Amino acid sequence: MCEGETREALGVEPAEYDDEDDRVEAGSGEGTGAADEAERETRRPQSVYGVGTEPDVRFSLANERTALAWLRTGLTLVAGGVALTTLASFGDGHAVLDVIAALACLAGGVLALAAISGWRRRERALRLGDPLPAPRILPVLVGAVAVFALLMAGYAVYQVLM
């Protein structure tokens with residue numbers, strides 16, 4: 001079933017989006033300049049919401065989903081690190097597992113910080129109408145995964161040969 005059929009089955013009309021009309025409706029008429037300004041001053045962080053104009057909500061929400069996906073990946077790494085060190089405590093406690101667990105937890109923390117940093121940079125770019133910044137953490141993450149895979153393959157070969 002395609003998207004149009006799903007909407008039809010649910011009785012939902014496809015949304016039409018007109019930037020000009022929605023911005024006027026969002027302000028709901030006269031006297032909204034002061035209300036918009038008050039809202040702008042109360043939204044945090046001010047370094048993000050204090051600049052530019054309100055972007056299309058779809059782009060802002062997509063940015064937020066991206067940041068949450070990075071955060072979820074970071075949390076998964078931390079959970080994997082905790083699981084590895086717990087597993088190591090049941091056996092004879094290989095130091096290699098503890099090192100990998102520590103690296104996974106550290107990488108998870110770095111990804112969480114990168115998620116908020118990336119969200120801020122993209123949200124500011126959206127609000128200012130600038131081009132979206134290139135992802136900083138993605139090339140680092142790809143390199144780290146490749147190095148980790150090589151190290152684990154080497155460790156597995158070492159375990160088989162010993």
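1. Buried here means under 20% relative accessible area, exposed over 50%, and partly exposed in between, using a 1.4 Å probe and protein chains only. Helices are DSSP runs of H or I with at least four residues, and strands are E runs of at least two, numbered from the N terminus.

2. A word on the basis for these notes: this is a predicted model, in which local features need pLDDT of at least 70 and side-chain atom pairs count only at pLDDT 80 or more, while totals for chains, interfaces and linings use all residues. Residues are numbered from 1 along each chain as its sequence is written, and side-chain values use heavy atoms, with hydrogens and water left out.

3. H5 spans residues 57–90, 34 residues in total. From first C-alpha to last, H5 reaches 49 Å, close to the 50 Å expected at 1.5 Å a residue; that expected span is 1.5 Å times one less than the number of residues.

4. Leaving aside residues up to four places away in sequence, Ile137 touches Trp70, Val110, Leu111 and Ala114.

5. How many salt bridges does the whole structure hold? The search finds three, each being a side-chain nitrogen of Lys or Arg within 4 Å of a carboxyl oxygen of Asp or Glu. Do look at Glu54, which pairs with Arg43 at 3.0 Å, N to O, and with Arg127 at 3.3 Å between the closest N and O atoms. Glu54 lies in the loop between H4 and H5 and Arg127 in helix H6, so this pair ties together parts 73 residues apart in sequence. Arg127 is buried, at 4% relative accessible area, whereas Glu54 is partly exposed at 40%.

6. Arg58 and Asp56 also meet in a salt bridge, at 2.6 Å, N to O. Asp56 is buried at 7%, while Arg58 is partly exposed at 45%. Shared partners join Arg43, Glu54 and Arg127 into one network.

Notes:
Contact means heavy atoms within 4.5 Å.
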